[in-house]
Amino acid sequence: MPTLETLHQRIEIQEGNIVRQKVDAIVNAANERLLGGGGVDGAIHQAAGPELLEECRKLNGCPTGQAKITAGYNLPAKWVIHAVGPIWHGGRSNEDALLASCYRNSLVLAESRGIRSIAFPCISTGLYRFPIERAADIALNETLKFIEQHDLPERINFVCYGHDTYSIYLDAARRILPGFSG
Ligand code: APR
């Protein structure tokens, strides 16, 4: 069983732009059509270049709560894992479980490809309006559950776009991982 300290060392919370992350895989907050969009999805497609959209067209979409993988093309990351988060409808439409399943399925996919480092954005917390505090708890709890049982990915970065989001994630991490420092 890994110690709490080892788990801490595998998780990092950062403020920044996910498209610049030098990791094996970045996760996209996509929609079910997987054909691009605004927010982080738009930024990833713009940075990766048109070949990403070409590959996405062949995937035939992706149901909410699941994830599919493509190459990263012009991104520093070799892979993009496209996860489809739930649209927030007030919390009684299975949103929590669907968001947890996005994180779990992205990590399962990463592990199956031998991916050692992965960066997540705050899935569903933009256009899809999922409350950020609640989403941060789900992201961290689900990730922790996974890395307790699996050696890969070795490193998981949560990339927060803006200082408010960063503070919320840091608070959540200190609550969920006692002694977590950053
Ligand atoms: N790097 C990291 N995080 C980012 C970036 C970026 N470059 N751009 C936006 N974000 C953050 C937002 O601040 C938000 O916290 O990503 C989080 C998710 O926001 P959205 O991108 O709006 O994603 P989501 O809420 O899951 O909605 C998905 O948006 O554009 C579409 O195609 C996408 O239809 C889908 C929907």
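Helices and strands are taken as DSSP runs, a helix being a run of H or I of at least four residues, and are numbered from the N terminus. The structure is a predicted model. In this model, helix α2 spans residues 39-48 and is followed by G49, whose phi is positive, near 95°.

Five residues of α2 are listed here as buried, namely D41, G42, I44, H45 and A48. Seen down the axis of α2, these buried residues fall within an arc of 165°, so they line one face of the helix. The face turned away from the buried side carries G39 and Q46, both of which are exposed. The packing partners of the buried residues of α2 are two strands and a helix: β2 (25-30), β4 (79-84) and α3 (50-57).

The ligand has 20 residues around it, and those that come nearest are N17, G38, D41, S124 and T125. One of these, D41, also belongs to the buried set of α2. A polar backbone atom of S124 is 2.8 Å from an oxygen atom of the ligand. For G126, a backbone N or O atom lies 2.8 Å from a ligand oxygen atom, and for L127 a backbone N or O atom is likewise placed 2.8 Å from an oxygen atom of the ligand. Taken alone, the ligand exposes 700 Å², of which the protein buries 90%.

Helix α6 covers residues 163-176 and has 14 residues. From its first C-alpha to its last, α6 reaches 20 Å, close to the 20 Å expected at 1.5 Å a residue. The buried residues of α6 are T165, Y166, I168, Y169, L170, A172, A173 and I176. They pack against the strands β1 (11-15) and β6 (155-160) and against the helices α4 (95-112) and α5 (132-149).

Q21 is located in the loop between β1 and β2. Its relative accessibility is 9%, and because buried means under 20%, Q21 counts as buried. The side chain of Q21 is joined to that of N157 by a polar contact of 3.1 Å. With its neighbours within four places in sequence left aside, Q21 is in contact with Q14, I26, P76, A77, A119, N157 and V159.

Definitions and conventions
Residues are numbered from 1 along each chain as its sequence is written. This is a predicted model: local features need pLDDT of at least 70, side-chain atom pairs count only at pLDDT 80 or more; totals for chains, interfaces and linings use all residues. Side-chain values use heavy atoms; hydrogens and water are left out. Buried means under 20% relative accessible area, exposed over 50%, partly exposed in between (1.4 Å probe, protein chains only). The arc is that of the directions from the helix axis to the C-beta atoms. Contact means heavy atoms within 4.5 Å. A residue is near a molecule or strand if one of its heavy atoms lies within 4 Å of it. A polar contact is a pair of N or O atoms within 3.5 Å; within protein, one must be able to donate a hydrogen and the other to accept it, and residues adjacent in sequence count only if both atoms are side-chain atoms. Accessible areas come from the Shrake-Rupley method with a 1.4 Å probe; for residues, only the protein chains shown count as cover. The expected span of a helix is 1.5 Å times one less than its number of residues.
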